[in-house]
Amino acid sequence: MTKLSVNINKLATLRNSRGGNNPDIIKAAKDIERFGADGITVHPRPDERHIRYTDVYELKKIVTTEFNIEGNCTEQSFVDLVLANRPTQVTLVPDSKNQLTSNHGWNTIEHKDYLADMIQTFQLAGIRVSIFVDPDVEMVEGAKATGTNRIELYTEGFASEYAKGNKEKAIAPYIAAAKKANELGLGINAGHDLDLDNLKYFSDNIPGLLEVSIGHALICDAVYLGLENTVQLYKRCLK
């Protein structure tokens, strides 16, 4: 079954909006695991507008499932943070410094040598590496050449087209990318704008999907449905 890793950035955003420690993201992470999630994801950014670097150290102490740290490896502070905490997985995302949210994958051909060096740095520390890519067969082939363990398919395009009612058109490039990844022996993760409406269709149609990372939609649903119930509803979509 595909694993569900819950991105808790939005809980940290809520906490930071008032100062103090409410909601307590350490308690939330423990609860999310207890409710059935298979992993915890964080995406610290340089301005620490949601997850703070100190949060990562505290989360490392208590996460008992898979711990996934996402971010831009062109920032040395991010590299140092990951190496100091040695999560289960690091997901490399080509964000710009002040980017609101991730909106594209790596050009794995143009940045092949750089990515290969960074991936080896993390792998030598015993960390599994995934790199964020668009659903493009050429980019998947380029990812293989970098030595990465996995790719994470950027799914905003799927979610946008799916919402228009074009399910087959929405999923087609992702199926092609996944088939190529399977052929090349790359693990497949996915994330961005997956939700209770589109997740089951995506997961049912992507061969070899190992993990999805979901934050914004899941936390928004939890406002109405409750956190425990929401985690379990997302898990059911992946069966």
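Modeller: Let's start with a definition: a residue is buried under 20% relative accessible area, exposed over 50%, and partly exposed in between (1.4 Å probe, protein chains only). We are looking at a predicted model, in which local features need pLDDT of at least 70 and side-chain atom pairs count only at pLDDT 80 or more, while totals for chains, interfaces and linings use all residues. Residues are numbered from 1 along each chain as its sequence is written, and side-chain values use heavy atoms, with hydrogens and water left out.

Biologist: Thanks! Why is valine 223 called exposed?

Modeller: Its relative accessibility is 67%. The cut-off for exposed is over 50%, so valine 223 counts as exposed. You will find valine 223 in helix α10 (residues 216-225). Helices (H or I, at least four residues) and strands (E, at least two) are DSSP runs, numbered from the N terminus.

Biologist: What makes Val223, Tyr224 and Leu225 a patch?

Modeller: Patches are made of residues with over 30% relative accessible area and no salt bridge, where like charges are joined within 9 Å and nonpolar side chains (Val, Leu, Ile, Met, Phe, Trp, Tyr) within 5 Å. Val223, Tyr224 and Leu225 form a nonpolar patch on the surface, and together they have about 390 Å² of accessible area, computed by the Shrake-Rupley method with a 1.4 Å probe, only the protein chains shown counting as cover for residues.

Biologist: How do you know that the buried residues of α4 line one face?

Modeller: The buried residues of helix α4 (residues 76-85) are Phe78, Val79, Leu81, Val82 and Asn85. Looking down the axis of α4, they fall within an arc of 160°, so they line one face of the helix. The arc is that of the directions from the helix axis to the C-beta atoms. These residues pack against α3 (53-62), β3 (66-71), β4 (89-92) and α5 (112-124).

Biologist: What makes lysine 27 and aspartate 31 a salt bridge?

Modeller: A salt bridge needs a side-chain nitrogen of Lys or Arg within 4 Å of a carboxyl oxygen of Asp or Glu. For lysine 27 and aspartate 31, the closest N and O atoms are 2.7 Å apart, so the pair meets that cut-off. Both residues lie in helix α2, four residues apart, about one turn of the helix.

Biologist: Which parts of the chain does the bridge between arginine 128 and glutamate 66 link?

Modeller: Their side chains meet at 3.1 Å, N to O. The pair links distant parts of the chain: arginine 128 is in strand β5 (residues 128-133) and glutamate 66 in strand β3, 62 residues apart. Both residues are buried. Lys3, Glu66, Arg128, Arg150 and Glu211 are linked in a network of salt bridges.

Biologist: How many salt bridges does the structure hold, and what is the nearest side chain of opposite charge to glutamate 33?

Modeller: The structure holds 15 salt bridges. Glutamate 33, in helix α2, is buried yet has none: the nearest side chain of opposite charge, lysine 30, is 8.5 Å away. Here Lys and Arg count as positive and Asp and Glu as negative, while His and the chain ends are not counted.

Technical notes:
Contact = heavy atoms within 4.5 Å.
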